[in-house]
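Hi everyone, thanks for making time for this. Let's have a look at one protein model together, and please keep the picture in view while I talk.

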Amino acid sequence: MREFVGRRLRLRSAVALLLFAVPAFADDLPDPMTDEARDVACGLELFSPNGRLALCIDTDADGRLRYRADFDDDTVVAASGLGLRFASRIDLVTGLTIAGVERGSADSRWEQPWGERRFVTDRHNELAVSLKAAGPERRLVVRFRVFDDGFGFRYEVPEQAVYADARLVEEASEFRVSRDARAFSQPADGKLRYEELYRESAIGVLDKVATPLTLRLPTGVHLSIHEAALVNYPGMSLEFDAESVFRSHLRPSSEGWRARLSVPFVTPWRTVQIAEKATGLIDSSLILNLNEPNRLGDVSWVEPGKYVGIWWAMHLGQKTWGPGERHGATTAEARRYIDFAAEHGFDGVLVEGWNRGWGGDWVAEARFSFTEPYPDFDLPAVAAYARSRGVRLVGHHETGGHMSHYEERMEDAFDLYESLGVRQVKTGYVGPRRTLKRLDADGNTHLEWHDSQFAVNHYLKVLEAAAPRRIAINTHEPVKDTGLRRTWPNWLTREGSRGQEFAVWGATPNPPEHETFLAFTRMLSGPMDFTPGIFDLDFEVNGKPRRVQTTLAKQLALYVVLYSPIHMVPDLPENYALRPDAFRFIVDVPTDWEESIALAGEVGDYVVIARQERGGSDWYLGAITDEVPRRLSLPLDFLDGGTEYIAEVYADADDAHWDTNPYAIGIGSARYTNDDTLELDLAAGGGAAIRFSPAEEAESP
Ligand code: NOJ
């Protein structure tokens with residue numbers, strides 16, 4: 001970082017601005033981080049409430065707005081340009097002058113109806129920079145918000161004739177970081193969409209990557225670049241170039257343009273979370289804070305909880321989605337799962353493969369009915385039986401990736417589920433990259449990316465159709481999460497990364513490090529329906545051996561580590577029956593939290609998270625490691641002072657190993673106070689799950 005950043009930054013004189021034209025890695029440039037350079041003030045400054053993070057904003061010699069971010073006096077994002085490019089070529093990039101500035105600040109606390117923490121503090125300072133250009137009237141506002149845990153900016157295009165019906169061909173946002181940073185990323189254009197593996201690398205080897213993109217700077221400071229409030233706009237990925245700059249890349253539509261917009265419009269926020277340590281990224285609420293408040297009002301019908309389902313048996317090849325001898329979604333099988341859920345206090349039963357359309361090549365055909373069950377599935381009777389047992393049927397709409405086909409039918413489909421008391425529906429958009437189908441007004445089919453503007457709008461249309469019917473959505477093969485659950489709290493969770501099901505499919509199973517990447521990357525965007533809790537880790541699919549690459553204890557820990565307001569209990573009931581002691585943790589663990597704290601961890605290596613049950617006094621702790629066994633010493637200072645806790649511990653046994661001895665688990669109890677330090681030994685690919693209950697409550701009759 002020190003090689004080049006500062007020179008662009010603190011210098012405002014005309015002479016200094018000339019330096020901006022010099023290639024980034026030219027050796028003859030002065031050391032950008034000398035005290036002299038540091039002392040030069042920048043044009044507009046915006047500090048975080050605690051003063052540790054500062055944005056410096058100015059226009060360069062070409063009239064382009066730039067920003068720089070300093071954290072504790074180190075530049076973490078060096079001078080980076082901003083702007084929007086339009087198909088008309090009348091861009092909002094250069095030739096701009098600052099016409100006005102407005103400042104503001106906020107210090108408030110808001111409550112999440114459900115979430116990883118009940119209360120979120122929103123403390124930030126704001127700066128709106130109004131820009132204008134000579135010639136044809138061009139105006140742009142760039143709004144910056146700086147929090148203690150990072151910053152965001154967005155473009156606001158006011159009403160103006162030249163952009164009446166705007167087609168955006170690119171956004172010119174840059175993020176210039178040290179060439180010595182390490183990146184934790186997944187490719188943006190992979191065949192599997194967001195379901196590619198994460199990898200650690202030097203940033204120099206990257207081309208185009210998806211967000212959230214997590215970076216570790218040479219100073220140890222961690223950044224995560226992402227976006228918030230992605231509405232009516234394409235998703236952003238980041239293209240890296242030799243100047244050590246990540247440049248925004250908007251997902252194109254099948255029409256060529258990136259976004260079609262009418263003025264006035266605002267873009268999503270571009271976000272940079274900043275933390276001294278990797279765990280600080282997990283504790284950040286920046287993405288939520290940059291979303292609009294709840295638009296749905298009373299959402300008490302959005303219910304966190306756990307669900308089981310007719311699901312894993314299909315992935316194992318024991319049952320089928322489509323009709324036939326091995327059809328999974330039969331009335332009898334649904335009743336069996338409802339009984340299993342009721343017996344253990346689980347809230348829902350997902351049934352996949354209940355509706356017509358699963359025969360043949362259902363992805364290519366994508367002709368599902370969302371109202372007609374197969375004859376061996378009595379939908380009203382199953383829903384009624386579920387209700388009689390205090391459980392709810394969880395609906396399923398696999399669309400085969402056909403947005404228009406689904407949009408035409410979803411109102412009727414949600415009406416039906418509403419009439420049956422269904423409160424959650426899992427949707428699906430199976431298909432590799434750029435295969436979401438869309439019909440135009442003439443009935444022609446177009447193929448879109450899952451994060452194109454068309455798709456972004458589609459996913460939200462579904463949420464808005466479901467909400468009046470008091471239905472919450474769990475989207476599989478979704479667009480990435482950008483915190484819209486704050487505005488639409490019926491967007492309960494989603495997939496949007498490799499879930500547990502990759503263990504079944506053979507070619508590239510999730511390696512032991514997978515979830516230690518997720519915690520610091522994908523999970524920063526929001527909840528994930530990962531489906532933790534597989535108990536039969538070593539099985540066959542169509543005669544071929546398959547392995548879940550974790551220990552049993554790690555499967556339990558994932559319920560705490562990977563946040564989702566609904567978690568599945570996915571394995572076959574008979575597999576849980578074989579291990580009732582370990583199963584106890586899954587029965588006990590809540591999915592809605594008062595507070596969450598990331599206690600320790602490094603990206604891709606290990607992570608420990610503690611969460612306090614919402615409305616209760618119990619704490620739960622999840623710890624996981626990659627393929628490296630580790631000993632962790634964890635101060636328990638998050639527990640209430642003056643209270644003794646009984647800890648029920650589910651941890652890898654001494655000889656546990658994900659590959660050779662995955663089921664070796666030690667289950668026991670111990671007493672702790674918040675003065676104690678917990679010593680935990682995690683096996684290779686292992687983990688630990690702990691429930692802490694105040695001793696007085698646990699022992700009272
Ligand atoms: C892929 C989803 O991720 C999986 O959960 C679902 O079972 C299948 N599609 C079928 O809809």
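Let me start with a definition: an axis is a line fitted to C-alpha atoms, for helices over the stretch in contact, and angles run from 0 to 180 degrees between N-to-C directions. Helices (H or I, at least four residues) and strands (E, at least two) are DSSP runs, numbered from the N terminus. A quick word on the source: this is a predicted model, where local features need pLDDT of at least 70 and side-chain atom pairs count only at pLDDT 80 or more, while totals for chains, interfaces and linings use all residues. Residues are numbered from 1 along each chain as its sequence is written, and side-chain values use heavy atoms, with hydrogens and water left out.

First, a helix pair. The axes of α6 (residues 331–344) and α8 (residues 379–388) come within 10 Å and cross at roughly 15°. That makes α6 roughly parallel to α8; angles under 35 degrees count as roughly parallel, over 145 as roughly antiparallel, 65 to 115 as roughly perpendicular and the rest as oblique. Which residues make the contact? From α6 they are Thr331, Ala334, Arg335, Ile338 and Asp339, and from α8 they are Val382, Tyr385 and Ala386. Contact here means heavy atoms within 4.5 Å.

Now a second pair. Helix α9 (residues 403–419) packs against α10 (residues 453–466) at an angle of about 10°, with the axes 10 Å apart. That makes α9 roughly parallel to α10. Among the residues that meet are Met403, Tyr406 and Phe414 in α9, and Phe454, His458 and Lys461 in α10.

Helix α9 also lies across β24 (392–398), β25 (424–428) and β28 (472–475), at about 170° to β24. These strands belong to an open sheet of 7 strands with parallel pairing, in the order β29-β28-β25-β24-β23-β22-β32. Two strands pair if DSSP finds at least two bridges between them. At the edges are β29 (491–494) and β32 (566–568), each pairing on one side only. On average, neighbouring strands in this sheet are turned by 30° against each other, direction ignored. Zooming in, β22 (residues 305–310) and β23 (residues 348–351) pair in the parallel sense over 4 bridges, and valine 308 stands opposite valine 349 in β23.

There is another sheet to find. This open sheet has 6 strands, with antiparallel pairing, in the order β33-β34-β35-β40-β37-β38. Its edges are β33 (593–602) and β38 (665–672), each with a single partner strand, so one side of each has no neighbour in the sheet. The twist averages 15° from one strand to the next. Inside the sheet, β34 (residues 606–613) and β35 (residues 619–625) form an antiparallel pair over 7 bridges, where arginine 611 stands opposite tyrosine 620 in β35. Helix α14 (residues 580–588) packs on the sheet and touches β35, β37, β38 and β40.

With 2 residues between the strands, asparagine 542 takes a positive phi near 50°.

Finally, the overall view: the chain has 15 helices and 40 strands.
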